[in-house]
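Please read the points below with the model open.

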Amino acid sequence: MAVLNLSFSACGFLGIYQLGVAEALLRHGAKLLGSVKTFAGASAGSLVATVLVTAPEKLEHVKDFAYRFASDVRKQKFGAMTPGYDFMLKLREGLEDILPPNAHEIAGDRLHVSITHARTRKNCMVSHFASREDLIKVLLASSFVPVYAGIKGVEYKGQTWVDGGLTNWLPVLPVGRTITVSPFCGSHDICPKHEDLISIKLTLADMPIMEWPLQPASPLWGKGPCCSWVHRSACWPVSPPATSRLLEPESLPPSWSTSPLHQDE
């Protein structure tokens with residue numbers, strides 16, 4: 001079987017969709033996850049990839065943090081750009097709480113994070129982390145949207161780095177088959193369905209939600225994508241011509257399909 005990789009796109013607060021994918025895979029795609037050699041991501045996608053690699057048992061805790069974080073940003077007069085609000089500090093506190101002490105060792109060579117050099121605007125994929133602090137810095141750099149998250153980027157190894165999504169928003173690794181995950185409908189392997197525009201990577205159907213990555217939706221809306229979008233759209237080729245159909249709605253526990261959040265999506 002070909003080498004499999006799993007990559008999560010940059011998507012800001014739409015990362016809640018990515019968490020829904022992660023939850024579905026953990027519940028119903030153990031065989032697939034067991035076959036994945038390398039995980040990759042940019043910006044918010046790198047955070048989800050990191051959780052799957054280093055702390056999958058904390059997924060519920062991560063979801064709670066994501067909801068609280070989004071709610072906190074929504075309370076600010078000008079969102080994350082409100083004077084005095086430290087967006088990056090809040091994110092660091094979440095990472096400090098979630099990542100295990102040896103996260104950098106677990107992530108070594110299995111996790112590839114996209115970051116952008118602030119001066120040259122060149123992309124760099126980081127897969128080696130000397131310490132837990134280095135891993136945190138790389139994740140913060142990958143998530144640092146200039147102006148929105150602050151003025152100066154994140155210092156890492158004597159250089160300044162910013163959002164990896166600016167130069168490589170959905171990493172595809174050079175070796176093996178990379179399964180791509182995105183909250184934007186299109187030709188990605190796992191994404192919301194839009195039958196008429198399935199071959200387009202970023203479509204007009206996405207335009208109404210283009211502001212959502214930086215302006216988080218309400219908590220009740222956010223739990224909809226996490227709990228149900230992905231379960232209806234996960235069907236992708238694993239090794240042509242074979243097809244693996246995973247996460248079908250009928251395979252989900254009855255309580256998922258009858259929950260108020262599922263009905264209110």
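**Notes on salt bridges and a surface patch**

1. Arg177 and Asp189 are joined through their side chains in a salt bridge, with 2.9 Å from N to O; the term stands for a side-chain nitrogen of Lys or Arg within 4 Å of a carboxyl oxygen of Asp or Glu. Arg177 belongs to strand S7 (residues 177-181) and Asp189 to the loop between S7 and helix H8 (219-233), so the pair ties together parts that are twelve residues apart in sequence. Arg177 is partly exposed, at a relative accessible area of 22%, whereas Asp189 is buried, at 14%; here buried means under 20% relative accessible area, exposed over 50%, and partly exposed in between, with a 1.4 Å probe and protein chains only.

2. Salt bridges with shared partners also link Glu23, Arg27, Glu60 and Lys63 into one network. The structure holds nine salt bridges.

3. On the basis of the model, which is a predicted one, local features need pLDDT of at least 70 and side-chain atom pairs count only at pLDDT 80 or more, while totals for chains, interfaces and linings use all residues. Residues are numbered from 1 along each chain as its sequence is written, and side-chain values use heavy atoms, with hydrogens and water left out.

4. Which residue forms a salt bridge with Arg92 at 2.8 Å between the closest N and O atoms? The partner is Glu133, and since Glu133 lies in helix H7 and Arg92 in helix H5, the pair ties together parts that are 41 residues apart in sequence. Helices (H or I, at least four residues) and strands (E, at least two) are DSSP runs, numbered from the N terminus. Glu133 is partly exposed, with a relative accessible area of 30%, and Arg92 is partly exposed as well, with 21%.

5. Arg92 also meets the side chain of Glu96 in a salt bridge of 3.1 Å, N to O. Both residues sit in helix H5 (residues 87-98), four residues apart, which is about one turn of the helix; Glu96 is partly exposed, with a relative accessible area of 34%.

6. Away from the charged pairs, Phe78, Met81 and Val147 make up a nonpolar patch on the surface, and together they have about 320 Å² of accessible area, computed by the Shrake-Rupley method with a 1.4 Å probe, where for residues only the protein chains shown count as cover. Patches are made of residues with over 30% relative accessible area and no salt bridge, like charges being joined within 9 Å and nonpolar side chains (Val, Leu, Ile, Met, Phe, Trp, Tyr) within 5 Å. Val147 is found in the loop between helix H7 (132-142) and strand S5 (154-156), and is exposed, with a relative accessible area of 52%.
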